[in-house]
Amino acid sequence: MIKSLKFASQFLLENLLVLTGLVLIIFVGCLVTGVPAGATNLFATYYTLFPLMYPMIVFITSFAWCTNNLNLALSYGCRRRDFFHATQLLILTYILFGWLLNRLLCSITILGSWNNPKLSVLFLLDVPFPLYALFTAALVLVGCALGPLYLRSRLIGSLIMMLIVLIGIGSTTGLLLLADHSNKNWGDLPLLLTVGLAFVCAGSEWYLHRIIHKATVR
């Protein structure tokens, strides 16, 4: 288990450092270009949509986890069961780190009294932690599963990837349109999303368990 955890920590550290650097660049860019005073530019857009950008970034970075990284881990003597457990730690870390970054970005705008109406979208994306955790977990799990699936069938892997990207774009557009309205009564949408994301997580976990335990060193 120690070998798998060390391997996962190296993979995680690199990605988290990149994400931290991205947040710092966006934050400094906002300060320099006058976003706190109301300027609307590319940095304001990145700052506003970071809660959606983060899951999409970890979704993309997860592609290699159960392909190249799995082969490398097995070649260094990691057990398959331990690698599967390390995958759960990977998901948990991404969830907690993303949630903390989101809370930090929201707190900065409040404590700094940022006067920018465009940032209202940021608070619209501030969903409850259970829903955020499910959403992030689903994207990381699907990203991990897409790697080996793409190696088996490039057509199916590409179609699923395109579908997820289109859903992400559609969700972003819908949230931008809703940002100008004060009514946040979502009806049954949170429940439907929770159930749907839970099914996605369960199906991806089953597929990853199957793939990891049948993996051979290539």
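Is Phe-129 buried, exposed or partly exposed? Phe-129 is partly exposed, with a relative accessible area of 32%. That value lies between the 20% limit for buried and the 50% limit for exposed. The model shown in these views is predicted.

**View 1. Helix H4 crosses helix H6.** H4 spans residues 80–111 and H6 spans residues 129–152. Their axes come within 9 Å and cross at roughly 135°. That angle makes H4 oblique to H6. The crossing of H4 past H6 is right-handed. On the H4 side, the contact uses Leu-90, Ile-91, Tyr-94, Ile-95, Leu-96, Gly-98, Trp-99 and Asn-102. On the H6 side, it uses Phe-129, Tyr-132, Ala-133, Thr-136, Ala-137, Val-140, Leu-141 and Cys-144. By class, the contact of H4 with H6 holds 13 nonpolar, three polar and no charged residues.

**View 2. Trp-99 and Phe-129 form an edge-to-face ring pair.** The ring centres are 5.2 Å apart. The planes stand at 75°, over the 60-degree limit, so the pair counts as edge-to-face. Trp-99 sits in helix H4 and Phe-129 in helix H6. The two residues are 30 apart in the chain, and their pair links distant parts of it. Both residues also belong to the contact between H4 and H6.

**View 3. Helix H2 runs alongside helix H6, roughly parallel.** The axes of H2 and H6 come within 8 Å and cross at roughly 25°. Angles under 35 degrees count as roughly parallel, so H2 and H6 fall in that class. H2 passes H6 in a right-handed crossing. H2 contributes Pro-51, Leu-52, Tyr-54, Pro-55, Met-56, Val-58 and Phe-59 to the contact. H6 contributes Tyr-132, Phe-135, Thr-136, Leu-139, Val-140, Val-142, Gly-143 and Leu-146. The residues of this contact divide into 13 nonpolar, two polar and no charged.

**View 4. Tyr-47 and Trp-114 form a tilted ring pair.** A search of the whole structure finds nine aromatic pairs. In this one, the ring centres are 5.0 Å apart and the planes meet at 40°, so the pair is tilted. Tyr-47 lies in helix H2 (residues 42–61). Trp-114 lies in the loop between H4 and helix H5 (120–124). The pair links distant parts of the chain, 67 residues apart. Tyr-47 and Trp-114 are both buried.

**View 5. Three aromatic residues form a cluster.** The members are Phe-11, Trp-65 and Phe-83. Ring pairs link them.

Notes
Residues are numbered from 1 along each chain as its sequence is written. This is a predicted model: local features need pLDDT of at least 70, side-chain atom pairs count only at pLDDT 80 or more; totals for chains, interfaces and linings use all residues. Side-chain values use heavy atoms; hydrogens and water are left out. Axes are lines fitted to C-alpha atoms, for helices over the stretch in contact, and angles run from 0 to 180 degrees between N-to-C directions. Helices (H or I, at least four residues) and strands (E, at least two) are DSSP runs, numbered from the N terminus. Angles under 35 degrees count as roughly parallel, over 145 as roughly antiparallel, 65 to 115 as roughly perpendicular and the rest as oblique. A crossing is left-handed if the near helix is turned anticlockwise from the far one by less than a right angle, and right-handed if clockwise. Contact means heavy atoms within 4.5 Å. Ala, Val, Leu, Ile, Met, Phe, Trp, Tyr, Cys and Pro count as nonpolar, Asp, Glu, Lys and Arg as charged, and the others, Gly among them, as polar. Rings of Phe, Tyr and Trp (its six-membered ring) pair if their centres lie within 6.5 Å; planes under 30 degrees apart count as stacked, over 60 as edge-to-face and the rest as tilted. Buried means under 20% relative accessible area, exposed over 50%, partly exposed in between (1.4 Å probe, protein chains only).
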